[in-house]
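Work through these exercises with the model open. Try each task before reading its solution.

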Amino acid sequence: MCGIVGYIGHREAYPIIIKGLQRLEYRGYDSAGVALFDKQGIHLCKTKGKVAELATKCSADLNTQAVMGIGHTRWATHGEPNDINSHPHLSNSGDLVIIHNGIIENYETLKIELENRGYNFTSDTDTEVLVNLIEEVQKQEKVKLGKAVQVALSQAVGAYAIAIYDRKKPNEIVVARLGSPLAVGIGDNEFFIASDASPFIEYTKSAIYLEDGETAVIRIGKEIKVRKIKNDSIVKPYVQELQMNLDQIEKGGFDHFMLKEIYEQPEAIRDTYRGRMLPEKGIIRMAGVDDHLSKFLNARRIIVVACGTSWHAGLVAEYIFEDLARIPVEVEYASEFRYRNPVINKNDVIIAISQSGETADTMAAINLAKENGAFVFGVCNVVGSSISRASDAGAYTHAGPEIGVASTKAFTTQITVLSLIALKLGKEKGSISISDFNMYLQELELIPDKIEKSLQINEHILKVADFYKNAKNCLYLGRGYNFPVALEGALKLKEISYIHAEGYPAAEMKHGPIALIDEEMPVVVIATRKGHYDKVVSNVQEIKSRKGKIIAIVTDGDQQVSKIADHVISIPDTFEAFTPLLTTIPLQLLSYHIAVMLGKNVDQPRNLAKSVTVE
Ligand code: M6R
């Protein structure tokens, strides 16, 4: 979590850093800070709160046109979010200043050692320990900053992306990474440092992504020098040409990123299947699957590892893989899988799903699976992310940057990728007929248009949201393919509106949750015509007879449930396997409108961050 930004070149650093931090606020936003470097030394400004508050504070405090600086937006791990714990952190001498994304796990031991040597600490952070450790190494070993960083990091246990400046060497910034992302944009005689490329996309399309265990010295007017932290060997960095555009990371007339991203779903899904699904030829081409087809076809089972919304996409995949490809699937919370000594076999295929490609638990689950010889296939959105690189093969979702903390288009594009894989394997294995396969492709091609149609009922959903905005609790029910959508609908509501919500398989109601139902309890029921419609109708009756308020997501033209429900939201008909791609849309909109009506910060809900790089 946390976002880091740095600049070294010929432009004024401050506006670049502030704008960059705003773009990285999805990574954390409980405090922020900036340090600028010029001939007078280090100018530091930091505060509790968001980057906007930092900008207000700093415009009065900072009086410099410095062309070098670093900045940080924080998601607190060690120490509460306050001014003192905000980054950047100075070393005791005041010579070194650091920003850090990650956790130094052995910081307490290191801190005691440093205290014994006379160091004082003003904050509760692990980062202040790290900067003083680097200072101590400099003192003891009389080495330059780059070397001191290498030595200090060899003693540190944990994860980090850091940028550090030494006022005794005023022309350079040293960066390093292990387990947290770090990109360096390369311009004309200028360098940009950031947790992802969004802070510098308007200045350069060339970037280096530092690998785990690498450090780099970045000097004004010089080439960037990358080395391995462990053995000091020089690494030739791979310079990538970035595909991202500026308009992808701006709100484009929408009030919130979340709403923009909900509306982007038709195009995002087209981008996901474009070039992969060729209905006219009756084929699906996916290099990551084609190159390892025998792994999938001989798989004893597929184990999906993921967290949050990506885990929900994994649950949808369980239905579709078992249904169409007849391969057994287990879906695991990555955080549980990594610690419970799971039985992993060489013939297992692990599918790791992650929008950010940086989720620490998912990454750890991958490492465990690889240690046990399993083949790992990554489904990520962020190109070049840690999970995509750690996987043996994979498929990008091509959803474009998702900035709202609540995941929307990542979910539907993950389902799209997973559906393509299941269909491809189903055809290869003969578990679906060629004619069914072709029908599925034709139907999948229509899904973006059907989502566009579903988005047209936004005004109606606004009214439903107004009706339920003051609810204290909410239940979400679905069966079969739509059980994971019920979980996802509940997650969307709770994370952005802070209304308590739970998702259940509709039939589980009678085993407990039905006790909660009274006239105060809204129950969102996904009751599309396909699947177990009749059974869901009975569940709806059960809620009605206990006076629960029913919001039903039904298929266009529905009669039965519509007669009973208090509010009805209709979506176009589709194949059962694709219903999650449609039923999820009104649930996203419902949560969004309720959160806006309650005055919540939709794009940056409290306590959350987009990229969860701590466990
Ligand atoms: O980047 P990832 O897909 O690995 O992230 C996993 C979860 O942190 C994420 O889906 C989270 O649950 C979202 N905030 C849900 O909207």
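Predicted model: local features only at pLDDT ≥ 70, side-chain atom pairs only at ≥ 80, totals over all residues.

Residues are numbered from 1 along each chain as its sequence is written, and side-chain values use heavy atoms, with hydrogens and water left out.

**Exercise 1. Describe helix α20 by its span and its burial.**

Step 1. Locate the helix: α20 covers residues 579-597. Helices (H or I, at least four residues) and strands (E, at least two) are DSSP runs, numbered from the N terminus.

Step 2. Check the span. α20 has 19 residues and runs 28 Å from its first C-alpha to its last. That is close to the 27 Å expected at 1.5 Å a residue. The expected span is 1.5 Å times one less than the number of residues.

Step 3. Check the cover. Of the 19 residues in α20, 17 are buried. Buried means under 20% relative accessible area, exposed over 50%, and partly exposed in between (1.4 Å probe, protein chains only).

Step 4. Take one residue. Thr-579 lies in α20. Thr-579 has a relative accessible area of 3%, so it is buried. Leaving aside neighbours within four places in sequence, Thr-579 contacts Tyr-481, Asn-482, Thr-528 and Thr-574. Contact means heavy atoms within 4.5 Å.

Step 5. Look past the end. Just after α20, Gly-599 has a positive phi of about 75°.

**Exercise 2. Work out how α16 and α15 each pack on α20.**

Step 1. Start with α16 (residues 458-468). The axes of α16 and α20 come within 9 Å and cross at roughly 55°. Axes are lines fitted to C-alpha atoms, for helices over the stretch in contact, and angles run from 0 to 180 degrees between N-to-C directions.

Step 2. Classify the angle. α16 and α20 are therefore oblique to each other. Angles under 35 degrees count as roughly parallel, over 145 as roughly antiparallel, 65 to 115 as roughly perpendicular and the rest as oblique.

Step 3. Assign the hand. α16 and α20 make a right-handed crossing. A crossing is left-handed if the near helix is turned anticlockwise from the far one by less than a right angle, and right-handed if clockwise.

Step 4. List the contact. From α16 come Asn-458, Ile-461, Leu-462, Val-464, Ala-465 and Asp-466; from α20 come Pro-586, Leu-589, Leu-590, His-593, Ile-594 and Met-597. This α16 and α20 contact has nine nonpolar, two polar and one charged residues. Ala, Val, Leu, Ile, Met, Phe, Trp, Tyr, Cys and Pro count as nonpolar, Asp, Glu, Lys and Arg as charged, and the others, Gly among them, as polar.

Step 5. Turn to α15 (residues 434-455). Its axis comes within 9 Å of that of α20, and the two cross at roughly 25°. α15 and α20 are therefore roughly parallel. The crossing of α15 and α20 is right-handed.

Step 6. List this contact too. Leu-444, Ile-447, Lys-450, Ile-451, Ser-454 and Leu-455 of α15 meet Leu-581, Leu-582, Ile-585 and Leu-589 of α20. By class, that gives eight nonpolar, one polar and one charged residues.

**Exercise 3. Characterise the packing of α1 with α2.**

Step 1. Helix α1 (residues 13-23) and helix α2 (residues 51-61) pack with axes 9 Å apart, at an angle of about 160°. So α1 is roughly antiparallel to α2.

Step 2. The α1 and α2 crossing is right-handed.

Step 3. Tyr-14, Ile-18, Leu-21 and Gln-22 of α1 touch Val-51, Ala-52, Leu-54, Ala-55, Cys-58 and Ser-59 of α2. The contact of α1 with α2 has eight nonpolar, two polar and no charged residues.
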